[in-house]
Number of protein chains: 2
Amino acid sequence: MSGHNEAYGALATRFQRIGVMGDVLGLLQWDQATLMPQGSADGRAEQMATLGVLRHEMLTAPEMADLLAAAAVDDPWESANVARMRHMQAHASAVPSDLVAAQTKAAAGCEMRWRTARQENDFLGLLPSFREVLRLAREIAVVKGEALGLSPYDALLDSYEPAARSAQIDPIFADLRDFLPDFLAEVLQYQASLVEPVAPKGPFSQAKQQAVAHRLMAVLGFDFDKGRLDVSAHPFCGGASDDVRITTRYHEDGFLPGLMGVLHETGHALYEAGLPAAWRYQPVGAALGMAMHESQSLIVEMQACRTEQFVGFVAPILAEVFGDDAAWEPGNLHKFYSWVKPDFIRVDADEVTYPAHVILRTRLEQALIGGDLDLGDLPGAWNDGMKELLGITPPNDGLGCLQDIHWPGGDWGYFPTYTLGAMAAAQLFAAAKDAVPEILPGIGRGDFAPMIGWLRANVHSHGSRLSADELLVQATGRSLDPGAFQAHLKDRYLP
Amino acid sequence: MSGHNEAYGALATRFQRIGVMGDVLGLLQWDQATLMPQGSADGRAEQMATLGVLRHEMLTAPEMADLLAAAAVDDPWESANVARMRHMQAHASAVPSDLVAAQTKAAAGCEMRWRTARQENDFLGLLPSFREVLRLAREIAVVKGEALGLSPYDALLDSYEPAARSAQIDPIFADLRDFLPDFLAEVLQYQASLVEPVAPKGPFSQAKQQAVAHRLMAVLGFDFDKGRLDVSAHPFCGGASDDVRITTRYHEDGFLPGLMGVLHETGHALYEAGLPAAWRYQPVGAALGMAMHESQSLIVEMQACRTEQFVGFVAPILAEVFGDDAAWEPGNLHKFYSWVKPDFIRVDADEVTYPAHVILRTRLEQALIGGDLDLGDLPGAWNDGMKELLGITPPNDGLGCLQDIHWPGGDWGYFPTYTLGAMAAAQLFAAAKDAVPEILPGIGRGDFAPMIGWLRANVHSHGSRLSADELLVQATGRSLDPGAFQAHLKDRYLP
C-alpha cells in the first residue's frame, strides 16, 4: 500500500527522533513532579530547556520545510502523518528558539515555586515568576497567531486541540453557561428532597488507598509491566511510550479524590497504551488533541465508574479493604459518588459543577492572554467568577487561583479541552453502549473488556489518523453534539 | 584573566549542551536501574540510543574540529577545558554514529536481561545478547585504537581513565599479584590466632538499614535537597549535576553490604557535589577519570569508615537502631569490619582480597577484547582465575562471571580503575591526615568536616583542571605510589 518517496522517509526518520525526545521530556517531567529533590529544580529546568530547544531546532531545521513540501505518499496513514508533521512544524517555526528556551525554563522554575505558594496561599510570592511565565506565553501567542493567521488565544488553543477555535467554543460554553445555573438549581432542589448520603468513615490510610488503586487499575486493564502509579501534588498521566506513568494524591480523610484521580488517569493511560504500535514515535501514532484525551479519562472516571453497575462492583472491594461500614451500601455509595455540591477545587468537582470551573478558567485565560486582565488582579477576578458561576467564594488562593498547575507550568489555552472532552465522553459512551450491550453488565462484574475493546477499536487504535471530528462521526454517527452531555446530566442527576 | 576567542565561546556553548545531555542520560539510567517497569526496556533503549547518537553527532560535527583548532585561551581553566574537549572529541570521532547507536541499544537490552540471568545463574540465556555487546565493544576498541594510536584495550581504558595505559598498569598489577598471595596468607595466619569476631544478629529490616543509611549520609555531608538514596540490583552513583542519586541494595541477613554500599556511593556523591559550580556542564568542570572517582568512594568507605574512630562513632548508632547485641561492642565490630575472607562477590569483598577480583577481571577483559578468549569460555576461565587468585571456586555463575553489571552494560576497560582508585585513596588519606591532624578525632565524633574540607580543597574543587598525576603530586607530594596502599594494608591487617 505504502508508496512514499525519499522526502517522506527522511521526515519519518527526523520525526522518530522528535518523538523519542518527547518521551524523554515526559519522563523528566514525571520525575520532577514525583521524586526529584527540591534543590535540583534549576538543573532540571536546564535539562528540559536544552531538550526543548533541540526538539525545536529539529522541527524548524531549514530542510524541514523543503522535505514537507516534497513529501509524496499514497497511504492514508502516511498522508495523515504528513498533515500532523506540518501542524507541528508550523507551530514550532512560528516561535524563535530562544523564546522556547526561555519559556521552558521559566515554566519549570515557576512550577517548582507554585508547589510552595499553593500550600502557603502565597499568590504575591509566586507573582514575579508567574508574571514572567505569562509574559512569555503572551509573546508566544502573538507570534504564533501572526504566523498561523489566528488570534493569540486561538493560536495557543490550536497547539493543544488542533482546529479548535474560540468562535466554536465560545457559543458552546455560553450555551452551557445558560443551561447550568438552572439545571444546578434543579439538581440541588431534587437533592434536598433526598436523604443525604453518608460518607464512609476514615481515616483512609495511603497504603490501603494505594492497594485499591492498584487493584482497580488492573481491573481496567492497566499494564503494570509497562507503567507505574505514583504520588504527585497534581494527578497526571505522563511518562513515555510503553512506560505510562500516572499519579494521584491521597487524602487520609477521604478516599474519593484519590480513587477518582486514579480512575481518571487510568483512562488517559489506556488511551496511550492503545495507540497504534506500528506508528510509535510518528506524529500520526500519537493521541489526538487534549479534548479526545480527556474524553478517554472521563469515559472511565465519569461515564463508566459512576454507573450503578460499577458502584455495585466496587462497594464490596472498598468494604473489604477499608473495613465494614454501613456507608459502603451500594445505594448510599452511588448517591455519595454522584452528590452535587458546588465547591472550590476543580479536580475534586462533581460532574455538574465541573464545567463551571472550566468556563471560569477559559474566560480568565482569554482575558490574561488578550491583555484585558492584569495577572495581579487574578485572585479578585477568580473569586468574583466563582461567586457568579457557583455562588461560593474561595477562602484563600490555595483553594482559588493557585489550585491548578497549568498556568504556572506554562499551559495556557488548555482548559477548554476538559469540557470539550466531557461532552465527547458522553457522546462516545452512549454510542458504545448502543453498539455493545454487554458493556454495562460487564462493568457490573468488573469486566471492562467489552468497553475497552470498543474504545480500542473506535478511538485508541486510530492514533491521529482521523481528525477529532472525523473520529466522532465515524464512532458515533455525528459531530460533537453538546446535547449528548446535557442528556447524560439530566439522566443521571434528575429523577 | 579570561581572554578567550570566539571559537572558544562557540565550543563552550556546544559543550554545555553535551554536558546537559549527559545529565539527562544519567537520569534515564538511574530510572532504568531503580523504578522502570520491566516491559519498558525497549523504549528506554530507544531513548538512550537516540540521545547517545545526538550527543555523538554534536561531538563529531564537522565544525567541531575547526573550532578546536581555532580555540585560543589564556586562562588555565579554559586551557584545561579545551584539552578535555579535544579528548572527548577524539574519542567520539573515532567511532561511527551507527556503531554508537548499536552499542547503546545492545547494552541497554543486555543489561535488562542480565538482571534475570544473574538471579537464575543463566549464563547461556544471556550469551546471545552478551556476545553482541562484546562484539560491538571489540569493534569500537579497534576503530578507536586505530584513530588514537593505541591498542584496542588501551583505547577503551583511555575513555574511562585518560592517559592510563596497560604498559603502566600491568606491572603495577603484576607487583600486586606477587604481593597479595603471601600477604593474604600472612593475614589469614594472624587472624587464626585471634578470637573470631561475632556477627551482629539479624534480621536487619530494610527500613532500619535505610534509616541508618540516611543518618550516616547526612553525617558525611550528603545534601538530600540535591540528591536521593534508592535501591537497585547493583549499587551506583548516578543522576545529574545538583541531583546526585545513589543506590544500594539491602540484605536482611547482613547489614554490612548495604551499609558499605551506601558509604561507598556517598564518597562518589560528595565528589560530584563538590565539583566547581562555575564550570558546571563544561568538560573541565566534570570529575577526573574513574580512578580518581573511585579514590573518593574508597577514601570514605575503606580509609575513613573502617578506622577505629569511625567504628567507635557508629557502633552506638547501630545498637540503637537494630537493638542491643553484644556484637556491637566497638572492638568486636571493628574486627568484624576488617575481617579478611576470600569470597565470591567483588562488591562485598574485603580490602585485601578486592584487588584480586580486579586483577582477574582486568586479565579476562584484556583477553576478551584482544580476542584471546571466547565469551562462551568465560565461566570456566573465571572460575579458574578465582581458584588461582583466591583459592575458591564459585558454585554458580550468579556468584561468578554474572555478578557485575559492567560488561553486559557495555563498560569494558573500566575494572582496573577500582584498584588504581584504592591506591590513590590510601595515598590521599595518608596526606590528608598529615596535613589536618583533626581528621581522625573528627571522624570519632561523627564530624567529617575536616576530612571533607581537605578533599574539597585538594580534589573535588579542581574538577578536571589538573591531570590525575598532577593532582596527586600537588595534594600528596608525589605520583601514584603503590607503596602507600601496601603500607596501609600492612598497618591495618597485620599486628
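Student: Which residue is the bridge partner of A:Arg228 in strand 3 of chain A?

Tutor: In strand 3 of chain A, A:Arg228 has A:Arg245 as its bridge partner. A:Val231 likewise has a bridge partner in that strand, A:Thr248. Before we go on, a word on the source: this is a predicted model, in which local features need pLDDT of at least 70, side-chain atom pairs count only at pLDDT 80 or more, and totals for chains, interfaces and linings use all residues. Residues are numbered from 1 along each chain as its sequence is written, while chains are lettered from A and ligands numbered from 1 in the order in which they are written.

Student: What makes strand 1 and strand 3 of chain A a pair?

Tutor: Two strands pair if DSSP finds at least two bridges between them. Strand 1 and strand 3 (residues 243-248) of chain A have five bridges, in the parallel sense, so they meet the definition. Strands here are DSSP runs (E, at least two residues), and helices are runs of H or I with at least four residues, numbered from the N terminus.

Student: How do you know that strand 2 of chain A also pairs with strand 3 of chain A?

Tutor: Strand 2 and strand 3 of chain A share four bridges, in the antiparallel sense. A:Ala240 stands opposite A:Asp243 in strand 3 of chain A. Strand 2 and strand 3 of chain A form a hairpin with two residues between them, and A:Asp242 in the turn has a positive phi of about 60°.

Student: Why is strand 3 of chain A described as largely enclosed?

Tutor: A residue is buried if 20 or more other C-beta atoms lie within 10 Å of its own, exposed if 12 or fewer, and partly exposed in between, with C-beta atoms placed from the backbone. Six of the six residues of strand 3 of chain A are buried, so the rest of the structure largely encloses this strand. A:Asp243, A:Arg245 and A:Thr247 point one way, and A:Val244, A:Ile246 and A:Thr248 the other way. In a regular strand, side chains alternate between the two faces of the sheet.

Student: How do you know whether A:Met451 is buried or exposed?

Tutor: A:Met451 has 25 C-beta neighbours inside 10 Å, so this residue counts as buried. A:Met451 is found in helix 18 (residues 449-458) of chain A. Among the residues that A:Met451 touches are A:Ala304 and A:Ile443; contact means C-beta atoms, placed from the backbone, within 7 Å.

Student: How do you know what symmetry relates chain A and chain B?

Tutor: Chain A can be laid on chain B by a turn of 180° and a shift of 0.0 Å along the axis, with an RMSD of 0.0 Å. The two copies are thus related as by a two-fold rotation axis. The superposition is by least squares on the C-alpha atoms of residues with pLDDT of at least 70 in both copies.

Student: Why do you say that the copies meet through the same surface?

Tutor: Of the interface residues of chain A, 100% are also interface residues in chain B, so the copies meet through the same surface. In numbers, 29 residues of chain A are in contact with 29 residues of chain B. Helix 1 of chain A gives the most to the side of chain A that touches chain B, with seven residues.

How values were computed
Two residues are in contact if their C-beta atoms, placed from the backbone, lie within 7 Å. Lists of a residue's contacts leave out its neighbours within four places in sequence.
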